[in-house]
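Morning, everyone. Please look at the sequence and the model before I start.

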Amino acid sequence: MHLEPQSALMRASINSDSWGRYYTSNSVSSTLVNAMGCMSPRVIVELGVGKGSIAFEAAKRWNSAKFITVDADRSAITHLDALSNYGEHTHHVQDALDDSLAERIGLDFGTVDVGLCNPPYVRPQWRESFGEILEQAGLSGSLSSVYDAGADLLFIAQNLRLLRKFGTLGLILPDGLITGEKYQGVRSVLLKDHLVEQVVQLPRKVFSKTEAQTYLLVLSKYGGETQSVALKTMSMDGQLSTPIHIASDDAKRRLDYSFHFSGRSEAQKVLPKRLHVSIGEVTQSLVRGSLCSSQLKSIGLPVFHLGDFPAHGLSKVAPGIPSKFTQSKKALAKLPKNIKIAEKGDILIARIGRNLQEKICTVNRGGCVISDCVYALRVAPPHREAVIAYLTSAAGRKAIEATSHGVGAKYLSRFDLLSLNLPI
Ligand SMILES: C[S@@+](CC[C@H](N)C(=O)[O-])C[C@H]1O[C@@H](n2cnc3c(N)ncnc32)[C@H](O)[C@@H]1O
């Protein structure tokens with residue numbers, strides 16, 4: 001098969017090379033794979049597999065599936081050797097936008113159980129066959145002009161053609177398709193024809209060559225018209241927020257967590273019937289420290305542990321951490337990535353021990369390293385003061401005491417902490 005030099009065929013739409021190559025990190029790949037509901041797929045396809053980060057994470061989860069990977073770039077295969085250690089794997093050096101793709105990769109359309117894809121964000125030179133591809137995927141009427149379809153939409157279309165009914169598609173998508181007004185028609189078709197299960201807003205800078213905003217989207221082909229979509233956000237350390245659920249009409253407008261989250265808090269201000277909002281609903285991330293008590297002296301920096309919570313007695317203001325734990329961003333950046341830290345603005349809460357309700361304080365400067373007995377709760381700024389006031393109030397302390405488990409030493413689970421209701 002002859003493939004034209006990509007510079008002649010494509011114009012990169014954002015800061016990528018002419019193949020539209022961005023490589024997904026393992027943590028994003030594993031979040032995508034784990035967000036997908038499919039239990040035991042037989043055939044998994046990844047179009048534009050690149051170095052295979054997503055395929056490798058999928059192979060760890062679904063190790064008896066048959067993997068079929070495709071990339072137009074001949075060099076991709078050099079990274080994929082180890083995939084066959086997990087199960088059957090066939091790779092094709094192939095243009096994924098070929099009208100007869102299924103035949104070229106030894107499949108029939110409508111037979112694939114799982115599609116995985118981080119499409120190139122480029123605009124391929126238009127070919128007549130693209131109109132047919134969009135038509136067969138039900139997407140031809142989704143744009144005011146089919147000529148506006150970029151490689152991202154065409155890759156989605158090819159995946160939809162390959163998938164069987166109820167097959168699952170896991171995508172990494174650019175901001176345009178998720179929030180752009182121009183793509184409202186695309187979102188409408190996806191939400192109407194398929195079950196869009198969830199969308200996760202990824203942190204900017206998650207891809208090394210770009211700060212572009214990207215998202216994970218999981219859908220089930222012909223899984224029924226979408227009634228509501230779960231939106232989440234992912235922090236730089238890979239933690240997922242609790243979901244917010246939006247109705248499909250709101251989802252047509254935009255599918256990004258940050259927009260609906262801020263709109264939501266506005267709405268809550270005028271909702272007289274709503275008595276409570278859970279801490280989870282206003283939480284950006286909840287990180288648990290990574291160092292156990294025997295490792296506290298292992299990193300050369302003081303680690304904030306259970307005995308370090310300053311007494312706050314009956315004060316309604318949570319005290320700050322003692323200054324010896326405060327570190328500069330520079331010092332914290334030198335630590336290995338697996339060491340969990342709390343940042344300025346975080347609320348520290350004891351996860352285990354006695355009198356958990358007394359153990360709350362805040363990080364007011366820099367950041368600090370926390371032990372695995374401590375949570376760092378990051379709350380969206382407009383709600384932070386309300387959460388601190390609640391957790392240090394008599395009602396909040398009572399709620400923590402009541403919700404923590406265990407005889408003697410108690411522990412507070414993530415779920416229980418995020419389920420605490422703030423009065424509004
Ligand atoms: C954004 S990268 C994603 C790579 C990998 N899946 C990941 O997530 O790390 C897009 C990939 O699509 C490939 N690609 C671009 N145009 C293609 C085409 N027409 N057919 C097949 N692969 C293509 C590129 O070579 C690149 O590996």
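When I say helix, I mean a DSSP run of H or I with at least four residues, a strand is a run of E with at least two, and both are numbered from the N terminus. This is a predicted model, in which local features need pLDDT of at least 70, side-chain atom pairs count only at pLDDT 80 or more, and totals for chains, interfaces and linings use all residues. Residues are numbered from 1 along each chain as its sequence is written, and side-chain values use heavy atoms, with hydrogens and water left out.

Now the spaces. On a 1 Å grid over the protein atoms alone, a cavity is a set of points where a 1.4 Å probe fits but cannot get out; a pocket is an open set with protein on both sides within 12 Å along at least five of seven lines; and lining residues have an atom within 4 Å of a point. A volume is the space filled by probe spheres set on the points, which are joined across faces, edges and corners.

How many cavities of 30 Å³ or more does a search of the whole structure find? It finds two. The largest cavity has a volume of about 60 Å³. Helices H7 (175-179) and H8 (184-193) are the elements that give two or more residues to its lining, and H8 has the largest share, four residues. By class, that lining has 10 nonpolar, no polar and one charged residues. Here Ala, Val, Leu, Ile, Met, Phe, Trp, Tyr, Cys and Pro count as nonpolar, Asp, Glu, Lys and Arg as charged, and the others, Gly among them, as polar.

The largest pocket has a volume of about 1100 Å³. Of its 31 lining residues, Met236, Asp237, Ile341, Glu343 and Arg378 are the closest to its centre. The lining of the largest pocket has 11 nonpolar, 11 polar and nine charged residues, and its largest share, three residues, comes from H11.

Last, the helix pairs. Axes are lines fitted to C-alpha atoms, for helices over the stretch in contact, and angles run from 0 to 180 degrees between N-to-C directions. The axes of H5 (residues 128-136) and H6 (residues 151-162) come within 8 Å and cross at roughly 55°. H2 (residues 26-34) and H3 (residues 53-61) pack at an angle of about 50°, with their axes 8 Å apart.
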